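Please read each point with the structure open beside the text.

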Amino acid sequence: MPQASASALVLSAMPLNEQDKLVCLLTSNHGLLKAVAPGAAKIKNRFGSLLELFTNGDFFYYWHEEKELATLSKGEIKESFFTVVSAAQNIFYFYLIAEIVLKFIPPNQNDDRIYKLLLAILHARKNNLAMDWLLLYFLVWFLRSEGLLFNPGRCANCSITDLNRGWVRSDYRGLLCSNCKTNERLTLNREELEYIKWTQHHHPRDITPWIGRFLPAPMIRMLIGKVEYHGEFSLQSNRYLPEFR
Ligand SMILES: [Zn+2]
């Protein structure tokens, strides 16, 4: 079987049987990789803490064209985020982020933007930036990367620009102005619209000026609804977040 290697983030590692784990990795340049980690379910194993959620590592594996699962042979930790990710106040946010990527990104997607986005979010959290703001930043950029983010500065119906308030279309594809809205329930105010524009040119580490200018929870709920709508699935991890209680 051919051998390959990839830089990747661990998105999940579940026991497959008494011996082995099934591991899902987001590679830096070819999307999701599913692999069996032989022996990883045993207490003493060669992988150690390599397979913790969101560990960034170099992974070596065997693959076969006719098999869905690769086989991990070894790996090295490049950077561990275990302390940050496993902290009680963060863990459910990171479960949710991993769940979104796992359910949405197809295998072999040649795109490094989500990988880089996740690394930026992880580093920003290591530097104590607020978790809810980082989730919001992630959601905006995730949708933008997938070509699903609406234009925050233009009505999707009449094309008027410079909205003071935007009503989210019920199919989540675009915003409507006050003249074009009908019975849409979800809205974004001027600050929220400005924030979406701001993310286009700013790194998550720059987020501090926004904290306190609006509450992130309503936009988080709206964007999670948008992810579920476009992905045609229901997310499970969000129910544990304060924003959804
Ligand atoms: Zn309009």
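**Notes on the predicted model**

1. Strand β6, residues 165-168, is joined to β8 by 3 bridges, the two strands running antiparallel, and arginine 165 stands opposite asparagine 189 of β8.

2. The protein is divided into domain 1, covering 3-80, and domain 2, covering 87-244. Taken over C-alpha atoms, the centres of domain 1 and domain 2 are separated by 29 Å, and the contact between them takes 13 residues from domain 1 and 16 residues from domain 2. On the side of domain 1 that touches domain 2, β1 (3-15) and β2 (21-27) each supply at least two residues, with β1 giving the largest share, 3 residues.

3. Which residues touch the most other members of the largest nonpolar core? In this core of 64 residues, they are Leu9, Leu25, Leu26, Ala35, Phe138 and Leu139. Helix α4, residues 131-145, gives the most to the core, with 10 residues, and the core draws at least three residues from each of domain 1 (3-80) and domain 2 (87-244).

4. Helix α3 (residues 113-126) packs with α4 at an angle of about 170°, and their axes are 10 Å apart. Since angles over 145 degrees count as roughly antiparallel, α3 is roughly antiparallel to α4. The contact is made on the α3 side by Arg113, Ile114, Leu117, Ile121, Ala124 and Arg125, and on the α4 side by Met131, Leu134, Tyr137, Phe138, Trp141, Phe142 and Ser145. Phenylalanine 138, when residues up to four places away in sequence are not counted, touches Ile97, Leu117 and Ile121.

5. Turning to the strands of the other region, β1 and β2 form a hairpin with 5 residues between them and pair in the antiparallel sense over 7 bridges, with methionine 14 opposite leucine 22 in β2. Leucine 22 also has a bridge partner in β3, namely valine 36. Strand β2 is largely enclosed by the rest of the structure, because 5 of its 7 residues are buried.

6. Strand β3 (residues 32-37) pairs with β2 in the antiparallel sense over 6 bridges, and valine 23 stands opposite alanine 35 of β3. In the hairpin that β2 and β3 make, with 4 residues between the strands, glycine 31 takes a positive phi near 70°. The pairing of β3 with β5 is in the parallel sense and runs over 2 bridges; here alanine 35 stands opposite alanine 70 in β5.

7. Strand β4 (residues 56-62) has a covered face formed by Gly57, Phe59 and Tyr61, and an uncovered face formed by Asn56, Asp58, Phe60 and Tyr62. In a regular strand, side chains alternate between the two faces of the sheet. β4 pairs with β1 in the antiparallel sense over 7 bridges, alanine 8 standing opposite glycine 57 of β4. β4 is also joined by 7 bridges to strand β5 (residues 70-79), again running antiparallel, and tyrosine 62 has threonine 71 as its bridge partner in β5.

8. Is glutamate 52 buried, partly exposed or exposed? Glutamate 52, placed in the loop between β3 and β4, has 17 other C-beta atoms within 10 Å; because a residue needs 20 or more to be buried and 12 or fewer to be exposed, glutamate 52 is partly exposed. Leaving aside neighbours within four places in sequence, glutamate 52 is in contact with Val10, Ser80 and Phe82. From C-alpha to C-alpha, glutamate 52 and serine 170 are 38 Å apart in space, and they are 118 residues apart in sequence.

Technical notes. Residues numbered from 1 in each chain as written. Predicted model: local features only at pLDDT ≥ 70, side-chain atom pairs only at ≥ 80, totals over all residues. Core = buried A, V, L, I, M, F, W, Y, C linked by C-beta atoms within 7 Å. Domains from an automatic or database assignment. Contact = placed C-beta atoms within 7 Å. Pairing = 2+ DSSP bridges. Axes fitted to C-alpha atoms, helices over the stretch in contact; angles between N-to-C directions. Parallel < 35°, antiparallel > 145°, perpendicular 65-115°, else oblique.
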